[in-house]
Every structure is written in structure tokens, then in C-alpha cells.
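Please read them with the model open.

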Amino acid sequence: MTTRTSATGPSGSGTPIPAEPPTVRKMRPRHLVFMSLGSAIGTGLFVGSGAGIQAAGPAVLLSFLIAGTMVILVMRMMGEMAAADPSSGAFSVYAEKALGRPVGTTIGWLWWLQLVIVIAAEATAAAAIVASMWPGSQQWVLALVFISLFTAINLGGAASFGEFEYWFALLKVLAIVAFLGVGIAFIAGWLPGVPAPGLSNLTGNGGFMPHGWSGVGAGLLLVVFAFGGTEIVAVAAADTENPATNIAKAINSVVWRILILFIGSVLVIVTILPWDSDSLSTGPFVAALAAARVPGADVVMAVVIVVALLSALNANLYGASRMVFSLAERGRAPKALGRKSANGVPRAAVGASVAFGFLAVVLNYLYPETVLMILLNLVGSTCLVVWGVSIVSQIILRRRAEAAGMELSFKMWAFPWLSYFALALLAGIVLLGFLDSAVRIQLVATLALTCALGTAAWLLDRKTTQSGSQLR
């Protein structure tokens, strides 16, 4: 059996990790960049940011800055590991190398479960919006069409998937850029017949920080999950030509795009609208455009949100299929899921990932008020677990690489200090979450799911180890 060792050291469990079969690598740097943005830019920004503004006031900018810093550091660390060892299992493989097989298996299955549940949620939400705009259409039919369409796209290979996701994500980015342009023109008084709001909303109604630092903390808990999904860029590295070079370009490019698109958008919104405006709860982007007297703003943003949801669905189906493929390849999932077609697509893995999405859509149709919300609560804080394990893995693997005298092509800044800072920042966010009743429910549910998966992974590893010992 061939084995794979990375520049960041061998498996922490002492057991070689099987080498992946040759992959048809056709994804380009622009695909990586927009895939990461496409997975992150969704309803968390377009809708959820309104709740963050109401919780923190204009100081929600600090919440976004803290959360953005957290994500940028994590992406840099993932980029270091992915450039050294591109793998479709990404952070699951790195966790296995650094912390042992049970941890790697747990993180892999946890992330897969999150994605397949979110796929169902995205298909359902997109179908609901389209159904509200298209009289006579049925929501469950639309959800079925959306999932079927993107299953076909994912079965077409990395190149077709990457190109489709690029254009989908580009539409979202262009929509945000257009929003920024209209917002800046409105604030500067360049829109004819529309009085400029000025800068009074940044300091009025209780000041920049009306609820103090507790409000910033509450806003942070609401906005941190808006950045979930950016980690998919590490998974996609395995389907990229010259991953060591292209992953570095993608990570560096995503950093400034996050700062401009996320923080820039929120800055425009809190400048245009009072932070306590009731319209923020229904849609901050729509409310800001309505204030600027942009005709048809609600319809335009509805279309943008549908595109955002479907783009994220597309990216998440890709990520889920590659992760379960990697788990199968490492003996942590049924072997049938570890096969690839001639065009490099793990078709069985795609089918398994989308099957759960179909089932969840059916369950949501039968029990619309219960099933999907329960599932989403279970995986609501998964990104925090993945980020935390990835930080620890990077610290361990980087130290191994330095001890072995290995030169890495892409490195984390100011190691180890920024790595430890990111870990402390994440720990602070988790502790803050336990002080909020709504977030606490998600954290506890995700912790319970993680422990259950961890126990199953440990038992599987123990059984595999015992079987190997008996064979010898």
C-alpha cells in the first residue's frame, strides 16, 4: 500500500494514511477564491446581519472586525496545511495527523453532517422565496428541482462545478459591490432628489456603542456564524492544479475581499439606517436600498438571496462529497464512497451527500416547524469546533515541520503567537456563547453531537486496531 506523508509531519496516530488516487485537477485560483466567498456569503450576511446591528448598534462593526480577524487567521492556518498537503479531507486529515485517527474521523463526519443538513435548509429557503414570488408553484417541487440541478452539476467534474460556482458567487459579489456603490452615493448626497443621511446614525440614538461591550459581544455571537463555510477552500485544494501556489493566492485574495464585502456592507447599512430601526429585522440590505429610494429593492434582493442560497448549496454539496470520499478512502466510511469516476468525481459520495438532503427536504415538508430547526441546532456551532481543532492541528504540525527542518511554501504569520491568539479568541467566543441562552442551546447540542461522533470514532479505531493486531 502506498502512503502519503506531508511536509507537516506524519500521522499523530503513528499509522500511515493511504495515498489518494490521482485526481483530475482542473480548478483554478479564481474558482478557489469565489468558492470560499460563495460558501460564506449567504443569508447570514444578507439577513442575519440585521440582528447583529440591533444587538450592538453601530459598534457591530467591531463585532464583524473581530469575527473577520478570527476567520482570516484560521484561513491562513488552513492554507499553510493545505499547501503542504492538499487533500480532499483537508482539516480532517490534518487533525488525524496531529491528534490521532478518532479526532480526524470525528471532525470529518461532523463537518459532513453540517453540510448535508445545511444543503436541505438552503434548498428549502430558496424554494420558499421563489414560491412567494411565483404564484401557483409548490415549495417542495422547487426544492427537489434545485437539489437535482446541483447534483447534476457536481457530477460533471471539478472544472464544471468550479466554473458554475465562480459565476454564481460572482453575481453575489457584484450585487454587494453595487450595493456599496449606491450606499456611498446616498451617504455622500450624490443621488438626485434624495436627501443624504449624513453620519449622524453612527453616533445618534445612544452613541456608537449604545449597549456597551456586552452589545458588541452579543453582536459577535450573531455574526461569527456568517463566516462559516470559508474553510471549504482547504477541501478544494485537492482538485486544484499546482495547489501549493494556488492555495496561497486564493487565501491572500479572500482576506481583503472579506474585509471589503462584509465590513464595508455593514458600515454602509449602519450609516444609512438608525441601529434601532424595525426594518433591519426583515432585511438590512432591502431597508437600506429602500431608504435610498431604489425602486424594486425588495425584488432585487430576493433574487440575490436566492442566488446566494443556491450558490452555497452548490459549494456545500461539493465539500460534503469530497469529505465523505476522504473518510471512505481512510477506512472511516463505507468503501463504496471512496471511488472516483474517470472525470475524477466521487459519484457515490455525491449521491450519499445529496440523499440526506433529499430526505431532510421531505421531512421538512412533513414537519416544517420542527425537523429542520432541530437539525440546524445540532450543527449550528460546528464551525467553531472545526476551527478550534484546525488551530490546534496547525500548531502541532508546524512544530513537527520545524523540528524536521522542512521548508513550507506558505506559512502562518508570526507563528506561534498569532496561532495562540486565534485559539484564545475562539475560546473567548465560545465562553461568551455560553452566557447567551439561544447560543448556549446550539453549543450544547453541537457538543453532544461531537461527543457522540467522537465515541463512535474511538470505538471504530479500537476495533480496527484490534483486527489489525489479530491479523499480524
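1. The structure holds 7 aromatic pairs. Rings of Phe, Tyr and Trp (its six-membered ring) pair if their centres lie within 6.5 Å; planes under 30 degrees apart count as stacked, over 60 as edge-to-face and the rest as tilted. Phe91 belongs to helix α5 (residues 90-99) and Trp111 to helix α6 (residues 101-133); the pair links distant parts of the chain, 20 residues apart.

2. This is a predicted model: local features need pLDDT of at least 70, side-chain atom pairs count only at pLDDT 80 or more, and totals for chains, interfaces and linings use all residues. Residues are numbered from 1 along each chain as its sequence is written, and side-chain values use heavy atoms, with hydrogens and water left out.

3. Phe91 counts as buried, at 2% relative accessibility, and Trp111 counts as buried at 1%. Buried means under 20% relative accessible area, exposed over 50%, and partly exposed in between (1.4 Å probe, protein chains only).

4. The rings of Trp109 and Trp112 also form an edge-to-face pair, with centres 5.4 Å apart and planes at 85 degrees. Both residues lie in helix α6, 3 residues apart, which is about one turn of the helix. Trp112 has 9% relative accessibility and counts as buried. Elsewhere, Phe64, Phe227 and Phe262 form one aromatic cluster.

5. Helices here are DSSP runs (H or I, at least four residues), numbered from the N terminus. Helix α11 (residues 243-272) packs with helix α12 (residues 284-291) at an angle of about 55 degrees, their axes 10 Å apart. Axes are lines fitted to C-alpha atoms over the stretch in contact, and angles run from 0 to 180 degrees between N-to-C directions. The two helices, α11 and α12, are therefore oblique to each other; angles under 35 degrees count as roughly parallel, over 145 as roughly antiparallel, 65 to 115 as roughly perpendicular and the rest as oblique.

6. On the α11 side, Ser265, Ile269 and Ile272 meet Pro284, Phe285, Ala288 and Ala291 of α12, where contact means heavy atoms within 4.5 Å. By class, this contact of α11 with α12 has 6 nonpolar, 1 polar and no charged residues.

7. The axes of α12 and helix α13 (residues 297-329) come within 9 Å and cross at roughly 150 degrees, so α12 is roughly antiparallel to α13. Phe285, Val286, Leu289 and Ala290 of α12 make the contact with Ala297, Asp298 and Met301 of α13.

How values were computed. Nonpolar A, V, L, I, M, F, W, Y, C, P; charged D, E, K, R; others polar.
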